[in-house]
Amino acid sequence: MTRRGSTASTNTTSTTTSTATALLAGGLLLGLLWVGARTTGPLPPLGRLLDPVHGAWALAARANLPATESHTIAGLSAAVDVRFDDRSVPHIFAPTVADAYRALGWVHARDRLFQMELQARAVAGTLAELAGPRTKELDREARAIGLAWGAEKTFAALDPQSPAARAINAYADGVNAYIAQMSPGDLPLEYRLLGATPQPWKPVYTAYLQARMGLTLAYSDGELRREQVQALIGKAATAALFPVDAPLQEPIQPNGQHTTRADWQRIPAPQPASAEKLAQALELDGAIAKFASLPRDAGEIAVGSNNWAVSPARTAAGHALLSGDPHLALSLPSIWYEAHLVVPDTLDSYGVTLLGSPLVPIGFNRNVAWTATNTGADVADYYVETVDNATHPTTYKLDGAWKPLLVRIETVRGPHGEPLATDTIYHTHRGPMVHSGARWISRRWTILDASVVTALSAFGQANQAASVSDLMRGIATYEGPAQNFLAADRGGHIGIRSTAKYPIRPASAARGDEIADGASSANDWQGWWPVSDFPQSFDPAQGYIASANQQPKDPKVDGRYFGWDWPAPWRAMRINALLRADSVVTPDAMRRYQTDPRSAETDIFVDAFLASAAGSPANPSFEQGIRHLRKWDRTFTKENEQAVLFETALDELTRRTWDELSVTGAPSEDRPRRVATPNSMILAELLQDPKNPWWDDRSTPSVVEDRDMILRAALAAAYDRTVKTLGNPGPAWRWDRNRFANIYHLLRLPALSRLRIPMQGGPGTLSPSAGDGTHGASWRMVVELGPEVRAWGTYPGGQSGNPMSARYADRLPQWASGTLDTLRFPHTAAELRGATLSSVLTFTPGGR
Amino acid sequence: MRPMRFALLTTAMTAGTMAAGWWTVAVIAASWSLLTRAERAHHLTVATSAALSWALLLGVMSLRGPVARVSEVLGGIIPVGTLGIFAVTLVFPAVLAGSASVVTSALVRRLPADLPR
């Protein structure tokens, strides 16, 4: 009995163990099938990712360009020959312009599909459908701004038979032909990480891209911030700290002067408004956040584009030279994609293209080279609206009558179509409104009106232009974002024009720097500036033209309002100084200037720090700081050991000087925040007035500080801070150990990013390397317009969006060192052969 | 398991992955256990076969492109490191196939006794 019982017990135990094992295995199996197929928390679908044939490993096989391949694209009129050179640049030889755009769309999609979709979704407010609820707030913001709404409106008005519409549609055909031909192994890594697949490309996405560039380059919430500043320090001081006209004049349109003109004025003392007004002004934080997710006060971000051109009379070879150096937020993959489009007797254009668009906004052809910097004109105005109901308005008041509001219901959805948020967006005739405290504020912004047609037509004509005047004629219709278009041609001409739709404001509100009353249509824009009034210059006597985002026209030449709070012209001053001093400019000199390590800013501030030492009471930290600044050669080279002290001293000086602009914020904010920061040109202006009340430090009520006391305190504190952070002076203070370029992947994944790249350049140099290092030169190009056009260029990244490819970031070392590649510009496909040819791709008509 | 059978199973797993994807290792492991009425010792062999089949596929892939670069990138994202991602890639099918085999065997043992074994 006992033995039988024991056996039964053993069998039961065995069965129980076996069942438990099976259950455990079943659970494991179901769990693995789940995590294999579905995104789980931060984990991508592991099975689909790790599959060695269809998963991410398959991207290894797509890392290198195949020697030859052929595909079909529906709608092609004949075969298209695409030759990739040794820098992976496609040279597209097509029988028609539409065929060239089809091929470019296909090539863009193959190399950058995820980037293209991400950009389009960011504008449409559908990121959450791709990336899940974590991007919900970005989507809500995008929809509130109305970029996609505006782009769709202008796109719907496009004549389907117009060249622009045909270009957009042909490009979309190419993108969709690629998507249709993709195998599972072709799926870009990012889709695999998100557990998503590409959506078809709609032609309207090209209009979205234009709108997105508008947000990047022409967005302004200055009026809202200005109201906050006025409440803090009064109208007069605000007007001086954020002036309509820059106190340092080095305009784009030459003013006949041979050096920078300083129009220094006294900055009035701060006059705070009532607490009630201040509270109302601070409520605008909500409106600022709702209109766009820009930093609350970015201060003087180390960003800015440069371009310049030199007439043949001032170049060594006697040919016009052009430098293009647009600066943007840096990303991997890069915002740009190099391409060369050739259509016999019609188009032969080389340059950088934007993913999602078929044209070359910066580049050159056989006769002309062109580039752009951002103008920064004021093309957005804000209005306080009177509505019938403060929480659920249906009408707004205009000239005494109630007008119906346009209402948009926007629903943000998740990956499975589930609604995540629903917002009601109200529009007046000016544009979308946001609720700010007790007020409703609307915005009129040219970017929501800007037609994609004009941008495409303008660039289309630029791509085929035969001369500077030809190019400027074509581009005159361009509506925005406002750009300083610079061109040079083989005939030896150079020219620049700041081009966009610029509003004519009514005489009653001739400036756009304050919030206007929306109840009167008299405050609305009255029309647009004629092209003849745009800032511009052609073949100036000085023999060169340069722009670096500075105020385009000298107000003594044209006093009309064009914008306000212009960036300090340090870069413009430096470029012009270099060009004035060099009457035999070479392409290599142009290249060197792009990363020149000196800044016009340092001379003003270092001199001020040094002068403050005279008769100063002894302070060991200050003495040490002065000793270091004295031996500084005032350059931001990689090996420099003093530049980091200067940058810290400038930061300390800024903080101590503008303390009146700080407010104690919400309880979540651990220290007072500065509502806005005047740029360093205004700080330089204040240096001229040693006893100005702005020098007084509010935190020391028993002492009234003057300029030199603050300069000394700032430098001493900077020295102590630097020693505390980096140790005693030495190699740890080297610039390249402290300031870097940081280039993040679009999903900000560190493994796909390139961080802490040592760079030459600092705040105010032509290639700034400061702040968080996320902005910088996005494309550097030098073109010589001789009998045969020669060009050099590079950008921070690589042609491929596949992080597994050697072409993903292969240009970074060269970009960081300031060198450029020779750009191949073949007349015929046959010219690319041997070592200069890496891949041949042939498209034939066919497919769906 | 005899070598020929092991080779056959590995080939089936390789072909299945190539033809239809990662999940086929579970289906093939389950089918194999159903057909062979595999005992406990065989589950480990099935798991080994799955890992080997993916190792072979990775080997083939390395002839077509920079697999080392892929491991560097993937190992940074997951993040388990360059060698870790190889290990994860081989352990995943092994555990998937092994657990499918165990579950199938347990179900088979519960089949009525008069069914052919």
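**Salt bridges, domains and the chain interface**

Arg721(A) is partly exposed, with a relative accessible area of 35%; in this classification buried means under 20% relative accessible area, exposed means over 50%, and partly exposed lies in between (1.4 Å probe, protein chains only). The structure is a predicted model, in which local features need pLDDT of at least 70 and side-chain atom pairs count only at pLDDT 80 or more, while totals for chains, interfaces and linings use all residues. Residues are numbered from 1 along each chain as its sequence is written, chains are lettered from A and ligands numbered from 1 in the order in which they are written, and side-chain values use heavy atoms, with hydrogens and water left out.

Asp651(A) is likewise partly exposed, at a relative accessible area of 36%. Arg721(A) and Asp651(A) form a salt bridge in which the closest N and O atoms are 3.0 Å apart; the term denotes a side-chain nitrogen of Lys or Arg within 4 Å of a carboxyl oxygen of Asp or Glu. Because Arg721(A) belongs to helix α23 (residues 707-726) of chain A and Asp651(A) to helix α21 (residues 643-657) of chain A, the pair ties together parts that are 70 residues apart in sequence. Helices (H or I, at least four residues) and strands (E, at least two) are DSSP runs numbered from the N terminus. A network of salt bridges links Asp651(A), Glu652(A), Arg655(A), Arg656(A) and Arg721(A).

Over all chains, the whole structure contains 50 salt bridges. In one of these, Arg87(A) pairs with Asp821(A), and the closest N and O atoms are 2.6 Å apart. Arg87(A) is found in the loop between β2 (80-85) and β3 (90-93) of chain A and Asp821(A) in strand β35 (residues 821-822) of chain A, so parts 734 residues apart in sequence are tied together. With 10% relative accessibility, Arg87(A) counts as buried. A further salt bridge joins the side chains of Arg439(A) and Glu227(A) at 2.6 Å, N to O. Arg439(A) lies in strand β20 (residues 439-445) of chain A and Glu227(A) in helix α10 (residues 222-233) of chain A; this pair links distant parts of the chain, 212 residues apart. Both Arg439(A) and Glu227(A) are buried.

Chain A is assigned domain 1 (46-372 + 449-503 + 522-598 + 754-848) and domain 2 (600-633 + 641-733), with bounds that come from an automatic or database domain assignment. The centres of the two domains of chain A, taken over C-alpha atoms, are separated by 36 Å. Domain 1 of chain A contributes 39 residues to the contact and domain 2 of chain A contributes 31 residues, where contact means heavy atoms within 4.5 Å. Between them, domain 1 and domain 2 of chain A bury about 2,900 Å², of which carbon and sulfur atoms give 64%. Buried area is the accessible area (1.4 Å probe) that two parts lose on being put together, summed over both. On the side of domain 1 of chain A, the residues that lose the most area to domain 2 of chain A are Trp264(A), Ile267(A) and Trp570(A), together 22% of what that side buries.

Two salt bridges cross the interface of domain 1 and domain 2 of chain A. The same interface of domain 1 and domain 2 of chain A has seven residue pairs in polar contact (both at pLDDT 80 or more). A polar contact is a pair of N or O atoms within 3.5 Å; within protein, one must be able to donate a hydrogen and the other to accept it, and residues adjacent in sequence count only if both atoms are side-chain atoms.

Chain A and chain B each supply 37 residues to their contact. The two chains bury about 3,100 Å² between them, 79% of it on carbon and sulfur atoms. Leu50(A), Pro52(A) and Trp57(A) account for 24% of the area that chain A buries against chain B, more than any other three residues. The interface of chain A and chain B has zero salt bridges, and five residue pairs in polar contact (both at pLDDT 80 or more) are counted between chain A and chain B. On the side of chain A that touches chain B, α1 (2-37), α2 (46-50) and α8 (189-194) of chain A each supply at least two residues. The most comes from α1(A), with twelve residues on the side of chain A that touches chain B.
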